[in-house]
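Me: I have a model open here and would like to talk it through before reading anything into it. Could you go over it with me?

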Amino acid sequence: AREDAEKKKTELEARLKQFEDEAKSAQEALARSEETARLLEEQARQAAEDSKRLEEERAKADEEKEIAKKEAESAMTEKEKLALKAEEEEVRAQKMAADAKRRAEEATRLQKQLEEAKKEAEMAKLHHQQVVSTPPQSMVKESIDNDESEVGSSDLVMDSNLANVGSEVD
């Protein structure tokens, strides 16, 4: 019985030792779990901070994007205004060019009319001088037909006829 008791004692000591080892291992595992939990909690806190920071940065970027968009729209509006103004100026310049061309053509036409009128006036003047300086054929014929003794009287007729022709031309 003593042997049995010692055997049981040894077994119980071995079991106690095993329980102690298991308890120690469980304690170490608990400590590791607690450390892991603490590390995970720290990581979660850091992730939350990062998330908050990233959200703030995203909001700031959205705001900057909106500002840039408005500036671009404003710049586009200004660009469109400038383009419209340039287009209006182009149309105005085209109208002015067309008007200048029309006026130049009108000036050319009037210049030609003036030159033609000057030519016609010069021709009329020459014709007038020719008519005034050249006696009409009928008058020359009459004076030849008249008696040569009446030369003095035929000169008077010719002078009066020339005066009449001159006044008709004027």
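What follows is a short exchange about the fold, the confidence and the salt bridges of this predicted model.

Me: How many helices and strands are there in the protein chain?
Reply: The protein chain of this predicted model has three helices and zero strands, so that, read from the N terminus on, its elements run α-α-α.

Me: And which residues does helix α1 take up?
Reply: Helix α1 covers residues 2–133, and among the elements of the protein chain α1 has the highest mean pLDDT, at 90.

Me: Which element has the lowest mean pLDDT, then?
Reply: That is helix α3, residues 151–169, with a mean pLDDT of 48. For the protein chain as a whole the average is 81, and 78% of the residues score at least 70.

Me: Where does pLDDT stay under 50?
Reply: One such stretch is residues 147–158, for which the model has six contacts beyond four places in sequence; another is residues 165–170, with seven contacts of that kind. Where pLDDT is low, the predicted coordinates should not be read in detail.

Me: Changing topic, how much of the protein chain is buried?
Reply: Buried residues make up 2% of the 170 residues in the protein chain.

Me: Now the charged side chains: how many salt bridges does the structure hold?
Reply: The structure holds 13 salt bridges. As a general point, side chains of opposite charge can pair when their charged atoms come close.

Me: What does Arg-38 pair with?
Reply: The side chain of Arg-38 meets that of Glu-35 in a salt bridge, with 2.4 Å from N to O. The two residues lie three apart in helix α1, which means that about one helical turn separates Arg-38 from Glu-35.

Me: Are those two buried, exposed or partly exposed, and what are the values?
Reply: Arg-38 is partly exposed, having a relative accessible area of 46%, and Glu-35 also counts as partly exposed, at 34% relative accessibility.

Me: Which residue forms a salt bridge with Asp-99?
Reply: Asp-99 forms a salt bridge with Arg-102, and their closest N and O atoms are 2.4 Å apart. Asp-99 and Arg-102 are three residues apart in helix α1, so about one helical turn lies between them. Asp-99 counts as partly exposed at 27% relative accessibility, while Arg-102 is partly exposed with a relative accessible area of 48%.

Me: And what about Arg-109?
Reply: Arg-109 forms a salt bridge with Glu-106, the closest N and O atoms here being 2.4 Å apart. Because Arg-109 and Glu-106 are three residues apart in helix α1, they are separated by about one helical turn. Arg-109 counts as partly exposed at 37% relative accessibility, and Glu-106 is partly exposed with a relative accessible area of 32%.

Me: Which residues are linked in a network of salt bridges?
Reply: Glu-42, Arg-45 and Glu-49 are linked in such a network.

Technical notes:
Residues are numbered from 1 along each chain as its sequence is written. This is a predicted model: local features need pLDDT of at least 70, side-chain atom pairs count only at pLDDT 80 or more; totals for chains, interfaces and linings use all residues. Side-chain values use heavy atoms; hydrogens and water are left out. A salt bridge is a side-chain nitrogen of Lys or Arg within 4 Å of a carboxyl oxygen of Asp or Glu. Helices (H or I, at least four residues) and strands (E, at least two) are DSSP runs, numbered from the N terminus. Buried means under 20% relative accessible area, exposed over 50%, partly exposed in between (1.4 Å probe, protein chains only). pLDDT is the predictor's confidence in each residue, from 0 to 100. Contact means heavy atoms within 4.5 Å.
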